[in-house]
Amino acid sequence: MESVRTIPQKQIYKAIIEAIGQIYCQSTPETKSLLNQALAIEEDDVAKDMLQAMLLNEELAAKEQLPICQDTGIVIVFADIGTETKIENGTLYSIVSEAVNDAWGKYYLRDSIAEEPLRYFSNPQKKSKYYSQPVILHLSEILGNKLELHISLKGGGAENCSTLKMFNPTATLTEIEDFIIDTVVSAGGKPCPPVFVGIGIGGDFEQCAILAKRALMIPLPDSEKKPEYLQMEKRILNKINQKGKGVQGFGGKTTALKVNILSQPCHIASLPIAVNIDCHAHRCISISV
Amino acid sequence: MRVIKINLPLQPQQKKELKVRDKIMLSGELYTARDQAHIRLTQMIKEGKPLPFDLLNSALFYCGPAPIPPGKVCGAIGPTTSARMDKYTPLLLENGLRVMIGKGERSKDVTEEISKYDAVYFICVGGISALLAQSVVSCETFCWKELDAEAIYRLVVKDFPCYVAII
């Protein structure tokens with residue numbers, strides 16, 4: 001068994017600020033490569049023009065240290081914390097929150113969280129109602145003394161187009177795939193396509209949604225996927241793109257860049273399916289602290 | 001793809017030349033407005049109060065910009081999903097609005113109303129906010145500062161790239 005490791009609060013804080021500093025002004029390297037591939041096969045002149053603008057934006061944002069999207073998002077963190085990992089002073093949640101708050105000030109990111117979800121109930125006397133927080137933190141236990149943080153800045157427009165449906169366990173593959181494809185296609189230009197599609201299959205109601213988010217942020221390598229799921233991902237991606245909604249819903253060959261599935265066992269009466277969408281400004285990073 | 005330069009306010013003669021999917025390089029004055037600003041504008045119209053700006057000669061940009069870093073004219077800037085504004089749009093069109101900029105499709109009703117009022121809906125690419133910021137000449141909070149990113153900002157833009165989506 002690995003020995004207990006105590007991580008100073010400051011070390012985690014600094015690592016998070018640095019990680020946000022890397023992703024607010026550029027999407028993942030995979031995104032850029034997929035956008036380039038989409039541009040290479042595109043024939044529609046408007047779609048080409050838009051894809052070129054996306055790639056140019058990536059370069060410019062990194063150079064000028066400006067956010068790739070003005071919607072600097074809600075912060076989502078999946079933390080895989082070792083059984084032998086100890087955090088010095090305070091909870092992981094409080095450290096993440098403090099780091100996010102300070103990163104927001106440091107990088108000039110937009111406060112996109114409304115304190116009161118039902119605005120009708122906000123306190124009219126309160127001067128500011130907008131914040132960078134709370135962050136969404138999912139904790140999982142792993143063996144050993146590691147701390148792995150998977151961080152995403154996720155925009156609201158794409159998140160709004162996500163769906164979850166409790167299917168009957170006898171639903172056919174076609175019914176399931178049609179639901180997923182329809183989610184992406186009927187979203188049209190709203191989630192800023194070309195998009196990433198994270199799919200959760202199984203679990204229960206909330207776990208299925210978490211699987212879909214995890215599939216977006218921390219997809220399994222293809223080599224670790226069951227061949228049936230890998231084929232299903234390819235089939236869904238092709239069918240979405242054949243519908244021709246295209247870049248920004250304005251036509252073209254690429255509506256989705258990538259489809260990733262994560263699955264887990266579920267109750268015999270259930271078959272939850274969740275579809276979580278992310279825009280082309282796909283800002284994710286995984287770090288070890 | 002045709003590329004057309006437009007100086008706002010849009011002249012009826014020039015509007016007639018536009019076709020869906022034309023690329024537009026937009027110059028002039030834009031007012032940002034998203035969900036909360038739409039609620040307020042609608043409320044003011046219903047109460048017969050004067051609006052903070054003249055709708056007839058203004059272009060509305062569905063946008064909540066990011067803060068302005070030191071030494072920059074504006075922060076990251078770009079469109080939000082227009083469909084969320086659909087329920088407020090017919091009343092604004094009825095009261096003079098003619099130019100809207102955002103992203104994504106509009107409802108069937110709004111699409112029909114845009115044609116009826118001879119208005120135009122442009123889309124610009126979402127998620128290219130550092131690039132769009134280069135076309136902004138000035139950005140200032142115009143009113144309702146307490147709404148933060150949801151306040152109304154007055155922008156002056158030069159060759160701001162967008163596309164004709166609905167006419």
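A crossing of two helices is left-handed if the near helix is turned anticlockwise from the far one by less than a right angle, and right-handed if clockwise. Keep that at hand for these exercises on a predicted model.

**Exercise 1.** Work out how helix 2 of chain A is oriented against helix 3 of chain A, and find the hand of their crossing.

*Solution.* Start with the geometry: helix 2 (residues 29–41) and helix 3 of chain A pack at about 155°, and 10 Å separates their axes. Angles over 145 degrees count as roughly antiparallel, so helix 2 of chain A is roughly antiparallel to helix 3 of chain A. Now view the pair with the opening definition in mind: helix 2 of chain A passes helix 3 of chain A in a left-handed crossing. Helix 2 of chain A contributes A:K32, A:L35, A:N36, A:A38 and A:L39, which meet residues of helix 3 of chain A including A:L51, A:M54 and A:L55. By class, this contact holds 6 nonpolar, 2 polar and 3 charged residues.

**Exercise 2.** Find which helix of chain A gives the most residues to the side that touches chain B.

*Solution.* First take the whole interface: 37 residues of chain A contact 31 residues of chain B. On chain A's side, helix 3 (residues 45–64) gives the most, with 11 residues. That side divides into 18 nonpolar, 12 polar and 7 charged residues.

**Exercise 3.** Decide how compact chain B is for its length.

*Solution.* Begin with its elements, 5 helices and 7 strands. The radius of gyration of chain B is 15 Å, close to the 15 Å of the globule rule for 167 residues, so chain B is as compact as a globular protein of that length. As for burial, 47% of its 167 residues count as buried.

Technical notes: Residues are numbered from 1 along each chain as its sequence is written. Chains are lettered from A and ligands numbered from 1 in the order in which they are written. This is a predicted model: local features need pLDDT of at least 70, side-chain atom pairs count only at pLDDT 80 or more; totals for chains, interfaces and linings use all residues. Two residues are in contact if their C-beta atoms, placed from the backbone, lie within 7 Å. Helices (H or I, at least four residues) and strands (E, at least two) are DSSP runs, numbered from the N terminus. Ala, Val, Leu, Ile, Met, Phe, Trp, Tyr, Cys and Pro count as nonpolar, Asp, Glu, Lys and Arg as charged, and the others, Gly among them, as polar. The radius of gyration is taken over C-alpha atoms; the globule rule is 2.2 Å times the number of residues to the power 0.38. A residue is buried if 20 or more other C-beta atoms lie within 10 Å of its own, exposed if 12 or fewer, and partly exposed in between; C-beta atoms are placed from the backbone. Axes are lines fitted to C-alpha atoms, for helices over the stretch in contact, and angles run from 0 to 180 degrees between N-to-C directions. Angles under 35 degrees count as roughly parallel, over 145 as roughly antiparallel, 65 to 115 as roughly perpendicular and the rest as oblique.
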